[in-house]
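Work through the exercises below with the sequence and the model open. Each task is followed by a solution in steps.

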Amino acid sequence: MAVAHTNPPLQQAPPDEPLVAGGHDFASATETVSRVAESRTPKGWYVAFAIAVTFLGVLAVVISYLLWEGVGVWGVNNPVGWGWAIVNFVWWIGIGHAGTLIAAILFLFRQKWRTSINRFAEAMTIFAVACAGIFPGIHVGRVWVAYWLFPIPNQMGIWPQFRSPLLWDVFAVSTYATISVLFWYVGMVPDLATLRDRAKTPLRRIAYGIFALGWRGSHRHWHVYEVAYLVLAGVSTPLVLSVHSVVSFDFAVSVLPGWHTTIFPPYFVDGAIFSGFAMVMTLMIPARQWFGLKDFVTLRHLENMNKILLATGMIVGYAYSTEFFIAWYSGNLYERFTFIHRALGPYAWAYWIMISCNVISPQLFWFRRLRRSIPVMFVVSIFVNIGMWFERYVIVVTSLASDFLPSSWDYFSPTLIDVLTYLGSFGLFFTLFLLFLRFLPVLALAEIKAIMPQAHAHHGHEPAHAGHATE
Amino acid sequence: MAHAPDKAPETLGRGLNERLTDAHGRRYWRSLDELENTPQFQEFLHREFPEGAAEMLSPFTRRAFLNLMGASIALAGGLTGCRRPEHKILPYAKAPENVLPGIPKYYATTMERAGAAVGLIVECHDGRPTKIEGNPDHPGNLGAVDPITQAEILELYDPDRSTGVLHENRPATREQFDAFARERFSELRRNGGAGLHILGELKSSPSFRAVRERFQADFPRSRWHVWEPVNEDNVAAGTALALGRAAHPAVDFENADVVLALGSDFLASGPTWMADARRFARRRVPEGERPMNRLYAVEGAFTLTGAMADHRLRLAPSQIPLVALVLMNEISGGENAALAGPLLANVEGLDVAWLQAVARDVAAHPGRAAVLVGAEQPPAVHAAAAVLNGVIGSECVAYRPYPNEDYGRAGRSIAELAAALEAGEVDTLVILGGNPVYDAPADLNFAERLSRAAHVIHLSYHVNETSRHGAVQWHVPRAHALEAWGDTMAFDGTVALQQPMIAPIYDGLSDAELMALLGGQPLTRGYDILRAFHRGDEAEGPAFEARWEQMLHDGLVPGTAGTIAALGAPAAGSASVGAELAEAASAAAPTGDAMELIFQADHHLFDGRYANNGWLQEAPDPVTRISWDNAALISPATAEALRAPLGTYINIEVDGQSVKIPAWTLPGMADNVVVVRLGYGRADAGRVAEGVGFNVYPLRTLAGLHVRTGVKVTRAGGHFDLANTQDHWSIEGRPIYRQTTGALYAEHPLIIKEMEAETPSHNGQTQPFREFEYDGEQWGMAIDLSTCIGCNACLVACQAENNIPIVGREQVNNGREMHWIRVDRYFSGQRLEDVEMVFQPMPCQHCENAPCEQVCPVAATTHSPDGLNEMTYNRCVGTRYCSNNCPYKVRRFNFFNYHEDYPDLLKMASNPNVTVRMRGVMEKCTYCVQRIRRDQLRRRGTDEPYREGSVRTACQTACPTEAIVFGNINDETSLVARAKRLNRNYEVMGNLNFRPRTSYLARLRNPNPELEA
């Protein structure tokens, strides 16, 4: 420990940077985080909210139009039965993976740096799953009977068809959504109580009071809370793997060249984590700036996430090359054609956008300077978001557009409605997100306090030393 | 791999050829878009949202389209339910004894189009005709039925058909017309009909003939003209030249070993093509009693006949007379050598060795070879063919005089009328059907000259361009053939009776009724006219009644078959034929500056009279797969020279007339030849036809009815988005379509089976579940690619039988056509110039391991106990997962509520035994499950077993060549089971373990060994 005193902090290894900077104590941490939800609503928020709600309105309009006219308002056609709706679904679901991964898996692995970002990431997860959930619902031809996908006892005496991956999807996604909401909410209870206690108006007191579930911070509360949180983390962890595995079964279980492949479950899960982290970055970078949370979401957090982006991006790239190898190695001429066609056919533009964004752009993170550069990471995270959308586009559309019989091949073009529906889903996402930023504790306050030096017995003896966080 | 063949054209063609010769063995590729790097294709690659944004509008346009149709609900409002034929009718107050609701009735009838008669069996539900099938006893079609005739059902219920009398384009009453007619015709009668002209269509009907003769007797100075834009004038003139009398060459294909077609598309057009194709196909299978026939085709366009040919020579139509001359010289022993020699010296590129080999083959089959010539060829070539068929003593070509003298005088006749109009001799003109303002030869200026007639009466099914013409005083609605009494005569003399299935919906008159009315004849009702004619001198009474009933039942008049005797061998004039032929053969070959233009009747719209028929508009052209529009077809080299890739507008100019039309590249066509299809670009056809296609009649003159030479073609710039139902791409060497030669197949019987791809096989994998055992019937289908001619009869039959909606051009362009059976077209060959074209009908394959069934989350598509892959529409939620997982992509999704806006009148065309699907559900071929279940219901409670043939699918029934066989595969003796045991039976992608129930019999060709090398 004496060594720490003699060495200047700059020479320390990056993980030893403090997880909370700015010399906060508990009170100032509480103040900083709560202020986000308590201060006068900034004008910028109103502007952002107005934009988000406009897009949400667009979503409502285009969905109404879709329901009125039929799925034909989209660009889907005969060979390409699934278009942007399914691409968007898989993309949003993938984004939804980061939250649970950060919240649950990193929790179980005792990665304390997660605390600053997990609330945020979980919120993002839930909103992303909400966006994702729209698409399977509205993409069916007869929305009014979509409930037949659920195993509801009915007078027809008919069950869903349990061999269909779409049905597995229904279970997987609904389970995931439920658990994610619970996990997020349970983790938020102590912080809601904080907001309740700080509330200055009766309305806020009552509202937060209801959701705080009578939290008093007693030891018994803390005990139950910790157990519940651990259990939920345990339940969520396999879901991180299962949801996207099941989503990938939609494709892998089919017979289509380009879909029918065993690599899909791990490849999809990895891609999901990749895109999820990218989206967390995209949202976190501006948010920490605007809401003054730089002390809690430090460059160290961002750098850690960039490392994960680099790693998962490499795995995604590996999956791409494995697909090609297997297409060649299998000797299946349909499979071979599909992959060559992807890279060189009429959809090559989409394929190469995917490769450049997902495989090439994260390679910048091999360099520490770039890994710690806010502009670079922001741009790369957006690239990855784009690239992952195109990955799903490539998988869904190119495989369908040219499968077994050349006579049925056709080109898919999206319609304006496709585009507006996608943009509209951002409206939903950001509306929810802005409400979250305005009314809920954006950081897991209770957890952050637990990793602050003050939470430790020997706090005060080594004020400048943050090594405890990694103990 | 630059094995570019020596004759490859520059750049575009060469690149293509390289890519073709690349592949090992015979290889098919689809259409040209992918191979060519056309700007359109480039745009394809780079297009993103802008194109998509435009497509956003498609639902509106679709709605506009349907709303247009829906607008006529008001017009249809006069309809009250179902009506039954007059004179046979009893009110439903007492249930008719032999009518069971839900059980269709079938009636025999007949129809004719341009003087060609077919026999029909019409299915009627509650007095409402819904489906037309062929009458096997009729010589015109032998039970087959073509797309157009089937679509007459839709024609009958066309909401745009004429609904009442018009006087100077304003609604009038029948009484007003009758009053006018009485006054006018009694005046005309006083001067013997001077100044009275009648312009009719070509009709074989004997009873109409009687009315006409009586009319002409009453009005002796009247003149009767006929006009048909699609006619056999050249055939008639040529046979008259050679045989002394105009005659129809009737070919007995079942006895023809070698067939040589010179510019003739006898398999898909021509008056008797259905019967011809059926007979021809019987000699195309190796399993027949007699060896396979051999077909040579010489043509400038690429026709379905050319696709079927074992050897094909692409040659501009102007050069075909020379071919005839060479053949005549070769076959008839140098008689015309003196003529042929000097001409041949002038012609480069004519493959004389090829022609000599053909001539040897023809000569080697004396009596069993037939030379056929297309209507496009000048009379001399027809005369030459008649002489040639005489020389080789062909027993399989019978020259039968036409049913009446109107055949062969269409061009002459309308020219006479035009001259009379010009001379102001026409006081009253009665136009019976037809649309001369639209389709008369352009150089007659018919529309302008029509104004010189004082009174014009137009009997027409539609209010068309002619009805709208300012000179037309009266428009009278014409009855549809399914609404009127009448008869027809086939080319062998067989008389068939036409009986109505429904009372005239809009009180239309038949031609005979109108002429009888105008002529003041005693019998003016169609039924009376027909009955009186066929009664002749026989007394009314039970004997005649029984005979009459029998004739109506059979649809045929007994004792009339074969009454037109064939003419003997060419009397004389071989020398004069030679001279005429030599003159025709001296025409210069087309060049880039003076191209040749071929007019072809459209496969679906014919001469344009069916332009308002949605089924026909949407059925893709068999050759180009373009639906809803026509294009100018040119060869790849010509396209390259014109720099006119797919869809680029070109200007076709001849004698100062010019037409702007998008170009479409079709490999296998002769260079510097442009093929256009008639019947598009109608101005007043109705709402379906509005804005569809390009009118090429302005280029068509009396002398150039079929072919025009010296045509200047230039690139006009701009692009038109043609709705092509099958886009592009190479077939990538996939063993989807298989073919070989008859000789190879005989030598290596397993050759077809061995063509399976090098793809790993999934067959024989153990199933995790028990195999289902089929103890009763198990349905299956086999489609013979050797005989499929790609004519679309199955496609339209399926559309009619299964209430398949019309979706419109925008939706087709979007890849959303609904046809349950499609006809895939592939090209094969080593060189782009001399490609082969093959067809593969693709309905649902009814897989045993159906990929669609596995993935439906709601069990809406399942297996029936008799092996059908069934769709339960009510259960479908529309995830489209089944379609995605269908390797054959035969499932069709209702992207919109296509049936929602159908007007009531159109709804009457629906088959009540087939559910009309709403939006959001998937649909597909059911193997006509309604027919299967109807047969099973009929047998229920009895011990009667399933009998072969008691269930026939709609496509099977319509198929002219009997290429589709359907039946019980559990019965080893059934036709389909026997077909599936053949060595040339294969399953498409059979190695992927889907176990389809539809299988294909590989295509066999019968090439001439001498030409194979």
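**Exercise 1. Find which residues of the largest nonpolar core touch the most other members.**

Step 1. A nonpolar core is a set of buried Ala, Val, Leu, Ile, Met, Phe, Trp, Tyr and Cys residues joined through C-beta atoms within 7 Å. Buried means that 20 or more other C-beta atoms lie within 10 Å of a residue's own, exposed that 12 or fewer do, and partly exposed lies in between, with C-beta atoms placed from the backbone.

Step 2. The largest such core has 448 residues, and those touching the most other members are Val280(A), Leu262(B), Leu372(B), Ala384(B), Leu581(B), Ala632(B) and Val674(B). Helix α10 (residues 264–290) of chain A gives the most to this core, 14 residues. Helices (H or I, at least four residues) and strands (E, at least two) are DSSP runs, numbered from the N terminus.

Step 3. Take Leu372(B): beyond four places in sequence, its contacts include Val259(B), Leu262(B), Phe266(B) and Ala385(B). Two residues are in contact if their C-beta atoms, placed from the backbone, lie within 7 Å.

The model is predicted: local features need pLDDT of at least 70, side-chain atom pairs count only at pLDDT 80 or more, and totals for chains, interfaces and linings use all residues. Residues are numbered from 1 along each chain as its sequence is written, while chains are lettered from A and ligands numbered from 1 in the order in which they are written.

**Exercise 2. Describe how domain 1 of chain B touches domain 3 of chain B.**

Step 1. Chain B is assigned domain 1 (166–231 + 406–554), domain 2 (234–401) and domain 3 (590–724); such bounds come from an automatic or database domain assignment.

Step 2. The centres of domains 1 and 3 of chain B, taken over C-alpha atoms, are 32 Å apart. Domain 1 of chain B puts 16 residues into the contact and domain 3 of chain B puts in 20.

Step 3. On the domain 1 side, α17 (410–422), α18 (436–439) and α20 (465–468) of chain B each supply at least two residues.

**Exercise 3. Decide where in chain B confidence is lowest and where it is highest.**

Step 1. pLDDT is the predictor's confidence in each residue, from 0 to 100. Chain B has a mean of 84, and 86% of its residues reach 70 or more.

Step 2. The lowest mean, 29, belongs to helix α3 (residues 49–55) of chain B, and the highest, 95, to strand β29 (residues 779–784) of chain B.

Step 3. Residues 1–85 of chain B stay under 50. Where pLDDT is low, the predicted coordinates should not be read in detail.
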